[in-house]
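Subject: Structure handover

Hello,

Here is the structure for you to look at. My notes on it follow below.

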Amino acid sequence: VVLINEAAPATQSWQLIESMEANVRPRPPCGPDQAPREKTDFYMPAVISMTSVGDSATGVFFPLGQKVSRPFHNLRKYPHPNELGIKDQAGMYTKTTALTEAFVSHIIDVDSSSAAKGAVSAGCRVVLASDIAGARYKIIERPGARNLTPYWVMQLPRAIVPDHSTIFGAQFRSLIVDLVQVRRQFDPTPYIRK
């Protein structure tokens, strides 16, 4: 399941992530302080939520609308931060899943970016390499991510999805085709479209 520019509060996603944490084996964390993993450790998503960083509808207008309705909802403060490090429901209520930093599990960026290079050098797995619009993009596990469930969350660059309504362009279609191919492969090596 792929959710694109998801316009729902992160509180709804948290329920699914919390259920997955209780019932599904998590992928091992990655980062500079983590032990190396076996090459056969390969984890695929059940749900992917991607939102464009250029999506002002979910990035600006959604939080404004949620803040207006906020007084009509009883949102809890947790006695201790939850598994994602979140202290209360209010922050999850006013933002969407992919725009709530604690939920982000993967990075998607050009392979020459500092974020992509940093994730690879930290020992995080490259899940997909895709040539889109003349650039090589990679989906890489996010170093230090707390969301280790099969609910993958990432923020899309504007070059792939520029805004809230311009979604199904050639760049995004290429990414989706590549995701379907890597899902079929069941292989621990990253899929590279030929």
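β2 and β6 run parallel, and six bridges join them. Within this pair, S52 stands opposite L156 in β6. Keep in mind that this is a predicted model.

Now widen the view to the sheet. Three strands form it, in the order β1-β2-β6. The sheet is open, and its pairing is parallel. β1 (2-4) and β6 stand at the edges with a single partner strand each, so one side of each has no neighbour in the sheet. On average, neighbouring strands here are turned by 15° against each other, direction ignored.

Next, the inside. The largest nonpolar core has 18 residues. Among those with the most contacts inside it are M50, L156 and F172. Elements that give two or more residues to this core include β2 (47-52), β6 (151-156) and α5 (170-185). Another core, of 14 residues, lies apart from it; A10, Y78, M92 and F103 are among its members.

What does L156 touch? Leaving out residues up to four places away in sequence, its contacts include I4, M50, S52, F172 and L175.

Last, the whole chain. It has five helices and seven strands. Their pattern along the sequence is β-α-β-α-α-β-α-β-β-β-α-β. Of the 194 residues, 45% count as buried. Take the contacts between residues at least 6 apart in sequence: 75% of them join residues at least 24 apart. The accessible surface comes to about 10100 Å², and 55% of that belongs to carbon and sulfur atoms.

Best wishes

Definitions and conventions:
Residues are numbered from 1 along each chain as its sequence is written. This is a predicted model: local features need pLDDT of at least 70, side-chain atom pairs count only at pLDDT 80 or more; totals for chains, interfaces and linings use all residues. Side-chain values use heavy atoms; hydrogens and water are left out. A nonpolar core is a set of buried Ala, Val, Leu, Ile, Met, Phe, Trp, Tyr and Cys residues joined through side-chain atoms within 4.5 Å. Buried means under 20% relative accessible area, exposed over 50%, partly exposed in between (1.4 Å probe, protein chains only). Helices (H or I, at least four residues) and strands (E, at least two) are DSSP runs, numbered from the N terminus. Contact means heavy atoms within 4.5 Å. Two strands pair if DSSP finds at least two bridges between them. Axes are lines fitted to C-alpha atoms, for helices over the stretch in contact, and angles run from 0 to 180 degrees between N-to-C directions. Accessible areas come from the Shrake-Rupley method with a 1.4 Å probe; for residues, only the protein chains shown count as cover.
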